[in-house]
Amino acid sequence: MPEAAVFRREMLDKTSRTFALTIPMLPSPLDEIVGLGYLFCRVADTFEDEAGLPAEVRGNLLRELDELVGLPPDWRELSAEFAVRAAGVLDGAPVDEVALVRGLPILLGDLARRPLPVRELVGRCVHNMTVGMAATVARGEGRPDAEVIADVDEMLTYCDIVASTVGDLLTGLFAWHSAGIAAALPALEPRAAGFARALQLTNIIKDVAADASAGRLWLPADLLADCGVDSVEQLREPGSAVRRSAVLRRMLAVTQKEFAAAVAYVDAIPAADLAVRRFCTAQLLMSELTLREAWAGRDEFTTKPIKISRRKLMAALSANHVLAGRPVVLNGLFAALGAGLPLPDTAGPPQPVSGRIPEEAVAAAVARLSQTQSASGSWHEDFGNLPMFCGMYLITCRVVDAMPDAPICEGMERFLRVHQNPDGGWGTDPESTSTVMSTVLSYIGLRILGVGPDDPCLRHARDFFLPFGGALAAPQWAKTYLAVLGVHEWAGTYPFPPETWLLPQNMPVHPGRLMCYARIVYLSTAWLSGNRVSGPVDDLILALRGELYQKPYEDIDWRAARAMIAEPDSFVPRSRLLRIVLAAADVYEARPMNALRERAFDVVLDYIDHENRSSNYVGHGPVPKFLDTLVWHFARPGGKEIMSHLERLHEYVWNGADGVKIQCFNSSESWDTAFAVQALALSGHPAAVGPLRSASRFLAANQRLTEIPDAARYFRHPGRGGWSLSTAEHGWTISDGTAEAVLAVSTLQELNLADGFTADRLPAAVECLLSLQNPDGGWAVYEPTTAPAWFAELNFSDTFAGCMIDSSLVEQTASCVTALRRFREMDPRRFTEAMGRAISAGEQFIFDRQRPDGSWEGSWAVCFTYGTWFGVRGLTGSSDPRAREAIDRACEFLLAHQRRDGGWGETIDGVRARRYIHAATGQATMTSWALLALVAAGRGDSPAARRAIDFLLRNQLADGGWQDTRMAGAFFGNAGMNYDGYQRIFPLWALAAAARATGQQTETGHLIDTDDPMPRPLFP
């Protein structure tokens, strides 16, 4: 064997495992030429990798190599001298690579005897590679080792330099060898770069452990920063497994995108050139196996070499020999090997990012939020959009003979017309598909408002609900209202015997243990259904009886209809236990004990009366409020109770941009105000001083300072010291609302702006929080959980999930834990061991509720960006060593769902499906939650955070606010809520937090002067 052939074979075996195995698959002399070309590239790579040499020296070596491969007339003399000199300066290179450089004259001699087209192809490849490598070396001079590659685009450019040049070389050599391949060049050439990129990216991933050991990384700095990595050492730390996994996930996503082009490249090689196909497919099979090995050991990525076992390698090569000529089967194998790997990154190029937060943007956001503050100091915003609430309201008004005035009626008609779906129905909320309950109630509402049955809107509505069986297919909650109105018989509803309220209170089956919302609805329903009350029958009622059903009203089998439920409305199927309980109640209802029933009615009315007086007749929410109003209309016509209810009925009415609607609560004032205070305070803008003082006075006026009388007797938890969702008059303390108020007030106290608060106020709030904690360590919304878990099986709403038990939730728990930590910081002398135990138990609950993908599921907003922000917030500042990994996993989840425009956006469908469902566009509110989570995680200056900042700035309106296209609120797992204030509060909060995290205090406007009423500037 000639000297050149021996040397070439020896060097291939010593410097390349992959090519040494696959080059012999090629026919002669193609195998020799491809091997020769690879070794020249290997020499160039050795020069580039010699990190101990100055960039200028490495650049000169690369340029001299380029000149030599061009075979100048005196190449023999020049190469002999160059080989000795170059080998002498390679102190850090492996011995075999130094030997390869020493043998460069042999390689050049081999090249010189090859045909001119071959020499030109090899020369062009080496020229493009060495020029690109020299530029990369020069560009990397002075950069930290972990930032040799700035971003993904630069990494792909680097791949083009070191690999796409080889892809072009191989394609040219294949075409030189085969006329069939030459004819296929139009299909091959556009895909050659993808083929080479896929292999090079695999090599980068495979070599990360060795590169990291040498203190360098060929990974994009922006990708590393997104994953919370700023150094090689940090990436290799034992506690960085999640961050390593995040880095690998994103690298694999980039690689998989190129892999699709690589497979297409192989498919374009004619079947007649089987040897060439085998060579290429073998490369891809080994690449995919390497990626699978990397992902399987992702926790050890960068710390442990990635190797394919000899058994797997031999099996892959054997399969390749058989399948290379069968594209369909081979592509199926590639798909199977790729299953389970991160999906390819198929999005377009990212938006350019700056992350700069201009002064005028924050000032405008502060001004816009301040403009929406009410005279009381609160933020009283649009908080309603459920069409069915309009129907319930109008039914109540008609039955009690208290119809609203003409402007309200006209506005409500407009709201219902605006939100009718194309199929003729109405959804639970305006973004949801139609349901029978919402459609029937909206239909009745429009008829009460005077819209005729032949109106196209109502004809279209009947086309939707009649095929389901009409109003007979509506859920129980809707049938209760219909029965009171007189358009549905009580015989067609399941009974709710009031006698259950006579059970001993310590019994676990007592209905008083239900979640407060459900038990109040149950109380009213039990009284109304037990008394079989209905409003007067007139022409409208008779007409509706004919319009709502498929058959004549008098021919309906009402008992049979009780079990009917339309498929769109059956979100929570009736459990076997519920069916048994309803059957038992039906048996009892056939022969109730009159004396017992009368006593039960008295007890139920007493409970209702206590609830109404405790809430000052505001009512717990629209459904309980309207039902209680109906109860008192029939129980004590014209009495003080019904009059008190009517006086406050208007508090649920809201005149919005889309018409008049019913709020989901009487308001969300305290809740929104607590958030607005935190956003304004963090902005550090002097224009926030006045609004903050006013907000402080509102919060002070609406902290609950008295206990509810006889709370235990009526299954009420003491709520003194807390805040409700709306105002103190509402009377229902909520855990997270109290926690957020504590955070807001503590911020105001730090700024000397806590007007109206005495020293005992926050300790009282903290005691309230401690009393609300559940044994599982978490916090529910209203009260500690007292119902057994199986109560959830008694869900009689059909439509709403999680409404039977007030269970611990992540966002409530995170708010409470954060508030307790803040209290410890502010007043360590008052911090007790009990508070410390509460924090630890709360943190454990948050750990336990984190999902495998790193997210937390939100319950009262949409959904995973919200829950994940709270989860991260609840663990930030924790001393538990598990917190870092949990937060890293959360960040990985957020990064995986960031849109290419820098934003995040979800839909209410994700709440129902309990998985992340992307909205068509990014949303300012959800982007703000994600950005706040990244800032809390210490990644406020990461590329992902900068992209989010730019998204918010691009989408800021001229008035300083933002306008989302999707609802942000949610409740009971199946309905959206419009928290209109969120889109002004959270973007400001997120920008202010990011400004602090990135040290942009000089960019965010006139900081609050130390001579102003705010004595401490917010940006230290």
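1. A word on terms to start: buried means under 20% relative accessible area, exposed means over 50%, and partly exposed lies in between (1.4 Å probe, protein chains only). Met25, at 24% relative accessibility, therefore counts as partly exposed. This is a predicted model, in which local features need pLDDT of at least 70 and side-chain atom pairs count only at pLDDT 80 or more, while totals for chains, interfaces and linings use all residues. Residues are numbered from 1 along each chain as its sequence is written, and side-chain values use heavy atoms, with hydrogens and water left out.

2. Staying with Met25, you will find this residue in the loop between helix H2 (17–22) and helix H3 (30–49); helices (H or I, at least four residues) and strands (E, at least two) are DSSP runs, numbered from the N terminus. Not counting residues up to four places away in sequence, Met25 touches Ala275, Arg278, Phe279, Ala282, Leu317 and Asn320 (contact means heavy atoms within 4.5 Å).

3. On to the aromatics, where the structure holds 45 pairs. Rings of Phe, Tyr and Trp (its six-membered ring) pair if their centres lie within 6.5 Å; planes under 30 degrees apart count as stacked, over 60 as edge-to-face and the rest as tilted. Phe195 and Tyr265 are stacked, at 4.8 Å centre to centre with 25 degrees between the planes. This pair links distant parts of the chain, with Phe195 in helix H11 (residues 185–206) and Tyr265 in helix H15 (residues 241–267), 70 residues apart. Both Phe195 and Tyr265 are buried.

4. Do look at Phe383 and Tyr979 too: their ring centres are 4.7 Å apart and their planes at 45 degrees, so the pair is tilted. These two residues are 596 residues apart in the chain, and both Phe383 and Tyr979 are buried.

5. Salt bridges come next, and the structure holds 58 of them (a side-chain nitrogen of Lys or Arg within 4 Å of a carboxyl oxygen of Asp or Glu). Glu729 and Arg648 meet in one at 2.7 Å, N to O. Their accessibilities are worth noting: Glu729 is partly exposed at 38%, whereas Arg648 is buried at 14%.

6. Arg821 and Glu843 meet at 2.8 Å, N to O, and link helix H36 (residues 810–826) to helix H37 (residues 833–849); Arg821 and Glu843 are both buried. Arg837 and Glu833 have their closest N and O atoms 3.8 Å apart, and both are exposed.
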